[in-house]
Amino acid sequence: MAAVATLSPGGASGRLGVLRALLRRRAVLAGLVVLALILALAIAGPWLSPFSPSRLSLANRLKPPSGVNLFGTDDFGRDVFTRLAVAGRLSLLVGLSVVAVSSLIGVTLGLLAGFFRRLDAPLARLIDAMMAFPDILLAIALVSALGPSVVNVVAALGIVYAPRLARIVRASTLVIRELPYVEAARALGVSTPRIMVRHVLRNLLSPILVQGTFIFASAMLAEAGLSFLGVGVSPSVPTWGTMIAQGRQYLDQAPWILFFPGLAIVLAVLSLQLVGDGLRDLLDPRLAKDI
(Lines give C-alpha, C1' and ligand atoms only; values in the text may rest on other atoms or scores of the structure.)
Protein backbone atom coordinates (compact mmCIF):
# COMPACT_ATOMS: atom_id res chain seq x y z
CA MET A 1 0.00 0.00 0.00
CA ALA A 2 1.32 3.42 -0.92
CA ALA A 3 2.28 5.71 1.89
CA VAL A 4 0.52 9.06 2.01
CA ALA A 5 2.58 12.03 3.14
CA THR A 6 0.77 14.64 5.16
CA LEU A 7 1.77 17.94 6.64
CA SER A 8 2.43 18.07 10.34
CA PRO A 9 -0.91 18.49 12.15
CA GLY A 10 0.39 21.07 14.57
CA GLY A 11 -0.98 24.06 12.65
CA ALA A 12 1.35 27.07 12.51
CA SER A 13 3.80 25.49 14.97
CA GLY A 14 3.89 22.34 12.87
CA ARG A 15 4.61 24.31 9.70
CA LEU A 16 7.37 26.20 11.50
CA GLY A 17 8.83 22.89 12.59
CA VAL A 18 8.84 21.66 9.01
CA LEU A 19 10.51 24.90 7.89
CA ARG A 20 13.19 24.68 10.58
CA ALA A 21 13.92 21.06 9.74
CA LEU A 22 14.10 21.97 6.05
CA LEU A 23 16.53 24.83 6.64
CA ARG A 24 18.79 22.56 8.70
CA ARG A 25 19.60 20.66 5.50
CA ARG A 26 22.58 22.36 3.89
CA ALA A 27 21.71 21.28 0.35
CA VAL A 28 18.19 22.69 0.67
CA LEU A 29 19.46 25.91 2.22
CA ALA A 30 21.96 26.31 -0.63
CA GLY A 31 19.18 25.74 -3.16
CA LEU A 32 16.95 28.34 -1.50
CA VAL A 33 19.79 30.88 -1.44
CA VAL A 34 20.50 30.36 -5.14
CA LEU A 35 16.79 30.66 -5.96
CA ALA A 36 16.61 33.89 -3.95
CA LEU A 37 19.57 35.30 -5.87
CA ILE A 38 18.03 34.35 -9.23
CA LEU A 39 14.72 35.91 -8.18
CA ALA A 40 16.49 39.08 -7.03
CA LEU A 41 18.37 39.26 -10.34
CA ALA A 42 15.16 38.79 -12.32
CA ILE A 43 13.27 41.46 -10.36
CA ALA A 44 15.92 44.10 -9.74
CA GLY A 45 18.42 43.43 -12.54
CA PRO A 46 16.67 45.36 -15.34
CA TRP A 47 16.08 48.32 -12.99
CA LEU A 48 19.70 48.43 -11.84
CA SER A 49 21.14 48.16 -15.34
CA PRO A 50 21.44 51.38 -17.39
CA PHE A 51 21.03 49.42 -20.64
CA SER A 52 17.94 48.38 -22.54
CA PRO A 53 17.61 44.65 -23.27
CA SER A 54 16.62 45.35 -26.89
CA ARG A 55 18.72 48.41 -27.81
CA LEU A 56 21.21 47.65 -30.58
CA SER A 57 24.72 49.07 -30.52
CA LEU A 58 26.84 47.61 -33.29
CA ALA A 59 29.81 49.69 -32.18
CA ASN A 60 29.85 47.74 -28.89
CA ARG A 61 29.18 44.25 -30.26
CA LEU A 62 30.99 41.26 -28.72
CA LYS A 63 32.53 43.26 -25.89
CA PRO A 64 33.95 41.02 -23.13
CA PRO A 65 32.75 41.33 -19.50
CA SER A 66 33.91 44.57 -17.93
CA GLY A 67 32.96 47.17 -15.36
CA VAL A 68 30.58 48.74 -17.89
CA ASN A 69 29.01 45.55 -19.23
CA LEU A 70 29.20 43.04 -16.37
CA PHE A 71 28.49 40.01 -18.58
CA GLY A 72 29.70 41.52 -21.86
CA THR A 73 27.65 42.21 -24.97
CA ASP A 74 26.24 39.98 -27.70
CA ASP A 75 26.57 40.08 -31.48
CA PHE A 76 24.18 43.06 -31.69
CA GLY A 77 25.85 45.03 -28.90
CA ARG A 78 23.07 44.32 -26.40
CA ASP A 79 24.02 44.04 -22.74
CA VAL A 80 24.03 40.34 -21.75
CA PHE A 81 23.41 41.05 -18.05
CA THR A 82 20.24 43.02 -18.76
CA ARG A 83 18.93 40.43 -21.19
CA LEU A 84 19.76 37.66 -18.72
CA ALA A 85 17.72 39.36 -16.00
CA VAL A 86 14.74 39.97 -18.29
CA ALA A 87 14.91 36.37 -19.51
CA GLY A 88 14.96 35.21 -15.89
CA ARG A 89 11.61 36.90 -15.31
CA LEU A 90 10.11 34.99 -18.22
CA SER A 91 11.60 31.66 -17.14
CA LEU A 92 10.30 32.02 -13.59
CA LEU A 93 6.89 33.13 -14.87
CA VAL A 94 6.69 30.17 -17.24
CA GLY A 95 7.76 27.76 -14.49
CA LEU A 96 5.15 29.02 -12.02
CA SER A 97 2.42 29.11 -14.66
CA VAL A 98 3.18 25.56 -15.80
CA VAL A 99 3.01 24.35 -12.20
CA ALA A 100 -0.40 26.03 -11.83
CA VAL A 101 -1.80 24.63 -15.10
CA SER A 102 -0.43 21.12 -14.61
CA SER A 103 -1.67 21.08 -10.99
CA LEU A 104 -5.16 22.11 -12.04
CA ILE A 105 -5.36 19.42 -14.72
CA GLY A 106 -3.40 16.69 -12.94
CA VAL A 107 -5.04 17.04 -9.53
CA THR A 108 -8.51 17.09 -11.08
CA LEU A 109 -7.88 13.98 -13.19
CA GLY A 110 -6.16 12.17 -10.32
CA LEU A 111 -8.94 12.92 -7.83
CA LEU A 112 -11.66 11.83 -10.23
CA ALA A 113 -9.82 8.66 -11.22
CA GLY A 114 -8.97 7.69 -7.65
CA PHE A 115 -12.28 8.53 -6.00
CA PHE A 116 -14.79 7.27 -8.56
CA ARG A 117 -14.32 3.61 -9.53
CA ARG A 118 -16.22 4.00 -12.80
CA LEU A 119 -13.88 6.75 -13.98
CA ASP A 120 -10.71 5.04 -12.82
CA ALA A 121 -10.10 2.77 -15.83
CA PRO A 122 -10.71 5.31 -18.66
CA LEU A 123 -8.86 8.16 -16.92
CA ALA A 124 -5.96 5.88 -15.95
CA ARG A 125 -5.63 4.78 -19.59
CA LEU A 126 -5.69 8.44 -20.70
CA ILE A 127 -2.94 9.29 -18.22
CA ASP A 128 -0.84 6.31 -19.36
CA ALA A 129 -1.33 7.27 -23.01
CA MET A 130 -0.13 10.82 -22.35
CA MET A 131 2.92 9.57 -20.47
CA ALA A 132 3.80 7.20 -23.32
CA PHE A 133 5.04 10.17 -25.36
CA PRO A 134 8.44 11.71 -24.52
CA ASP A 135 7.87 15.04 -22.77
CA ILE A 136 9.90 17.22 -25.12
CA LEU A 137 8.47 15.65 -28.30
CA LEU A 138 4.90 16.10 -27.10
CA ALA A 139 5.67 19.69 -26.09
CA ILE A 140 7.19 20.43 -29.52
CA ALA A 141 4.14 18.96 -31.25
CA LEU A 142 1.69 20.97 -29.14
CA VAL A 143 3.57 24.27 -29.47
CA SER A 144 3.97 23.73 -33.22
CA ALA A 145 0.24 23.18 -33.52
CA LEU A 146 -0.71 26.15 -31.32
CA GLY A 147 1.98 28.57 -32.50
CA PRO A 148 4.96 30.19 -30.74
CA SER A 149 3.94 32.35 -27.77
CA VAL A 150 4.36 32.39 -24.01
CA VAL A 151 0.73 31.40 -23.41
CA ASN A 152 0.96 28.45 -25.81
CA VAL A 153 4.24 27.28 -24.27
CA VAL A 154 2.64 27.35 -20.80
CA ALA A 155 -0.44 25.50 -22.06
CA ALA A 156 1.62 22.86 -23.85
CA LEU A 157 3.97 22.23 -20.94
CA GLY A 158 1.06 22.24 -18.49
CA ILE A 159 -0.59 19.44 -20.49
CA VAL A 160 2.69 17.55 -20.81
CA TYR A 161 3.46 17.54 -17.07
CA ALA A 162 -0.11 17.08 -15.80
CA PRO A 163 0.06 13.23 -15.96
CA ARG A 164 2.93 13.24 -13.44
CA LEU A 165 0.69 14.81 -10.82
CA ALA A 166 -2.35 12.85 -11.93
CA ARG A 167 -0.66 9.49 -11.25
CA ILE A 168 0.54 10.57 -7.81
CA VAL A 169 -2.84 12.01 -6.83
CA ARG A 170 -4.70 8.96 -8.15
CA ALA A 171 -2.50 6.50 -6.26
CA SER A 172 -2.83 8.42 -2.98
CA THR A 173 -6.57 8.94 -3.44
CA LEU A 174 -7.08 5.20 -3.87
CA VAL A 175 -5.57 4.75 -0.40
CA ILE A 176 -7.24 7.70 1.33
CA ARG A 177 -10.76 6.92 0.13
CA GLU A 178 -10.68 3.64 2.09
CA LEU A 179 -9.52 5.20 5.37
CA PRO A 180 -11.91 5.22 8.37
CA TYR A 181 -12.32 8.99 8.56
CA VAL A 182 -13.52 9.10 4.95
CA GLU A 183 -15.99 6.30 5.65
CA ALA A 184 -17.16 8.18 8.74
CA ALA A 185 -17.69 11.34 6.70
CA ARG A 186 -19.80 9.37 4.23
CA ALA A 187 -21.85 7.86 7.04
CA LEU A 188 -22.51 11.34 8.44
CA GLY A 189 -23.88 12.44 5.07
CA VAL A 190 -21.05 14.77 4.07
CA SER A 191 -21.30 15.61 0.37
CA THR A 192 -18.88 13.96 -2.05
CA PRO A 193 -17.29 17.26 -3.25
CA ARG A 194 -16.67 18.27 0.38
CA ILE A 195 -15.08 14.90 1.16
CA MET A 196 -12.86 15.17 -1.91
CA VAL A 197 -11.67 18.68 -1.07
CA ARG A 198 -11.63 18.70 2.73
CA HIS A 199 -10.65 15.12 3.56
CA VAL A 200 -8.77 13.89 0.49
CA LEU A 201 -7.16 16.87 -1.21
CA ARG A 202 -5.91 18.40 2.06
CA ASN A 203 -3.94 15.22 2.75
CA LEU A 204 -2.36 15.36 -0.71
CA LEU A 205 -0.81 18.81 -0.34
CA SER A 206 2.61 17.44 0.59
CA PRO A 207 3.16 15.18 -2.46
CA ILE A 208 1.65 17.86 -4.71
CA LEU A 209 4.05 20.45 -3.30
CA VAL A 210 7.05 18.18 -3.74
CA GLN A 211 6.12 17.22 -7.29
CA GLY A 212 5.43 20.87 -8.06
CA THR A 213 9.07 21.79 -7.41
CA PHE A 214 10.24 19.12 -9.84
CA ILE A 215 7.72 20.27 -12.46
CA PHE A 216 8.94 23.85 -11.94
CA ALA A 217 12.51 22.78 -12.74
CA SER A 218 11.45 20.63 -15.69
CA ALA A 219 9.30 23.43 -17.11
CA MET A 220 12.14 25.95 -17.00
CA LEU A 221 14.47 23.49 -18.68
CA ALA A 222 11.86 22.56 -21.29
CA GLU A 223 11.09 26.21 -22.07
CA ALA A 224 14.78 26.86 -22.62
CA GLY A 225 14.97 23.82 -24.90
CA LEU A 226 11.94 24.89 -26.92
CA SER A 227 13.31 28.42 -27.30
CA PHE A 228 16.70 27.03 -28.30
CA LEU A 229 15.01 24.96 -31.03
CA GLY A 230 13.04 27.99 -32.22
CA VAL A 231 9.58 26.59 -31.39
CA GLY A 232 9.06 28.35 -28.07
CA VAL A 233 8.34 32.03 -27.60
CA SER A 234 9.03 34.63 -30.27
CA PRO A 235 12.76 35.01 -31.05
CA SER A 236 12.45 38.74 -30.31
CA VAL A 237 11.66 37.95 -26.65
CA PRO A 238 14.84 37.37 -24.60
CA THR A 239 14.92 33.94 -22.97
CA TRP A 240 17.81 31.88 -21.72
CA GLY A 241 17.25 29.38 -24.53
CA THR A 242 17.19 31.96 -27.31
CA MET A 243 20.31 33.65 -25.89
CA ILE A 244 22.18 30.35 -26.10
CA ALA A 245 20.85 29.66 -29.61
CA GLN A 246 21.82 33.11 -30.88
CA GLY A 247 25.28 32.98 -29.32
CA ARG A 248 26.34 29.45 -30.25
CA GLN A 249 27.99 30.59 -33.47
CA TYR A 250 30.23 32.88 -31.41
CA LEU A 251 31.37 30.16 -29.01
CA ASP A 252 35.05 30.63 -29.86
CA GLN A 253 34.94 34.39 -30.21
CA ALA A 254 32.57 35.37 -27.38
CA PRO A 255 31.85 32.40 -25.08
CA TRP A 256 30.26 34.64 -22.43
CA ILE A 257 27.12 34.93 -24.58
CA LEU A 258 26.43 31.24 -23.98
CA PHE A 259 28.13 30.79 -20.63
CA PHE A 260 25.99 33.09 -18.47
CA PRO A 261 22.52 31.97 -19.65
CA GLY A 262 23.70 28.36 -19.55
CA LEU A 263 24.94 28.85 -15.99
CA ALA A 264 21.63 30.45 -15.03
CA ILE A 265 19.69 27.45 -16.34
CA VAL A 266 21.95 24.98 -14.52
CA LEU A 267 21.77 26.87 -11.21
CA ALA A 268 17.99 27.37 -11.38
CA VAL A 269 17.21 23.74 -12.21
CA LEU A 270 19.74 22.34 -9.73
CA SER A 271 18.51 24.54 -6.87
CA LEU A 272 14.89 23.55 -7.50
CA GLN A 273 15.89 19.88 -7.55
CA LEU A 274 17.71 20.30 -4.23
CA VAL A 275 14.67 21.93 -2.65
CA GLY A 276 12.39 19.24 -4.07
CA ASP A 277 14.61 16.44 -2.77
CA GLY A 278 14.67 18.04 0.66
CA LEU A 279 10.89 18.43 0.76
CA ARG A 280 10.39 14.84 -0.38
CA ASP A 281 12.72 13.42 2.26
CA LEU A 282 11.18 15.59 4.96
CA LEU A 283 7.49 15.08 4.19
CA ASP A 284 7.58 11.41 3.22
CA PRO A 285 6.70 9.46 6.42
CA ARG A 286 9.02 6.64 5.36
CA LEU A 287 12.01 8.99 5.08
CA ALA A 288 11.41 11.83 7.53
CA LYS A 289 13.57 11.65 10.63
CA ASP A 290 13.78 15.23 11.78
CA ILE A 291 10.19 15.77 12.87
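Is Arg-164 buried, partly exposed or exposed? Arg-164 is partly exposed, with a relative accessible area of 23%.

## The overall picture

This is a predicted model. The protein has 291 residues, and 45% of them count as buried. Its secondary structure consists of eleven helices and zero strands. Reading along the sequence gives the pattern α-α-α-α-α-α-α-α-α-α-α.

## Helix α2 and its surface patch

Start with helix α2, which covers residues 26-48. A nonpolar patch lies on the surface of the protein. Its members are Leu-23, Leu-29, Leu-32, Val-33 and Leu-37. Together they have about 410 Å² of accessible area. Helix α2 supplies the largest share of this patch, with four residues.

Take Val-33 as one example from the patch. Val-33 lies in helix α2. Its relative accessible area is 44%, so Val-33 is partly exposed.

Arg-26 is exposed, with a relative accessible area of 77%.

Leu-35 is also found in helix α2. Leu-35 counts as partly exposed, at 21% relative accessibility. The cut-off matters here: buried means under 20%, so Leu-35 falls in the partly exposed class.

Leu-62 is not a glycine, yet it has a positive phi of about 60°. Where is Leu-62 found? It is in the loop between α2 and α3. Leu-62 counts as buried, at 11% relative accessibility.

## Salt bridges

Side chains of opposite charge can pair when their charged atoms come close. How many salt bridges does a search of the whole structure find? The search finds nine.

One of them joins Arg-83 to Asp-74. Their closest N and O atoms are 3.8 Å apart. Arg-83 is buried, with a relative accessible area of 4%. Asp-74 is buried too, and its relative accessible area is 4%. Both residues belong to a network of salt bridges that also includes Arg-78.

## Bridges to helix α6

Asp-120 forms a salt bridge with Arg-170. In this pair the closest N and O atoms are 2.6 Å apart. Why does the pair tie together parts that are 50 residues apart in sequence? Asp-120 lies in helix α4 (residues 117-131), while Arg-170 lies in helix α6 (residues 150-176), so the bridge links those parts. Asp-120 counts as buried, at 16% relative accessibility. Arg-170 is partly exposed, with a relative accessible area of 23%.

Now back to Arg-164, which forms a salt bridge with Asp-135. The closest N and O atoms of this pair are 2.9 Å apart. Asp-135 lies in helix α5 and Arg-164 in helix α6, so the pair ties together parts that are 29 residues apart in sequence. Asp-135 counts as partly exposed, at 29% relative accessibility. Arg-164 is partly exposed as well, at 23%.

## How α5 passes α9

Helix α5 covers residues 135-146, and helix α9 covers residues 205-229. Their axes come within 11 Å. At what angle do these axes cross? They cross at roughly 55°. That makes α5 oblique to α9. The crossing of α5 past α9 is right-handed.

## Putting it together

Helix α2 brings several of these features together. It gives four residues to the nonpolar patch.

Helix α5, in turn, crosses helix α9 at roughly 55°.

Terms used: Residues numbered from 1 in each chain as written. Predicted model: local features only at pLDDT ≥ 70, side-chain atom pairs only at ≥ 80, totals over all residues. Heavy atoms only, no water. Patch = residues over 30% accessible without salt bridge, like charges linked within 9 Å, V, L, I, M, F, W, Y side chains within 5 Å. Areas by Shrake-Rupley, 256 points an atom, 1.4 Å probe, with all protein chains shown as cover. Salt bridge = Lys/Arg side-chain N within 4 Å of Asp/Glu carboxyl O. Helix = DSSP H or I, 4+ residues; strand = E, 2+ residues; numbered from the N terminus. Buried < 20%, exposed > 50% of the residue type's maximum accessible area, 1.4 Å probe, protein only. Axes fitted to C-alpha atoms, helices over the stretch in contact; angles between N-to-C directions. Parallel < 35°, antiparallel > 145°, perpendicular 65-115°, else oblique. Left-handed = near helix turned anticlockwise from the far one by under 90°.
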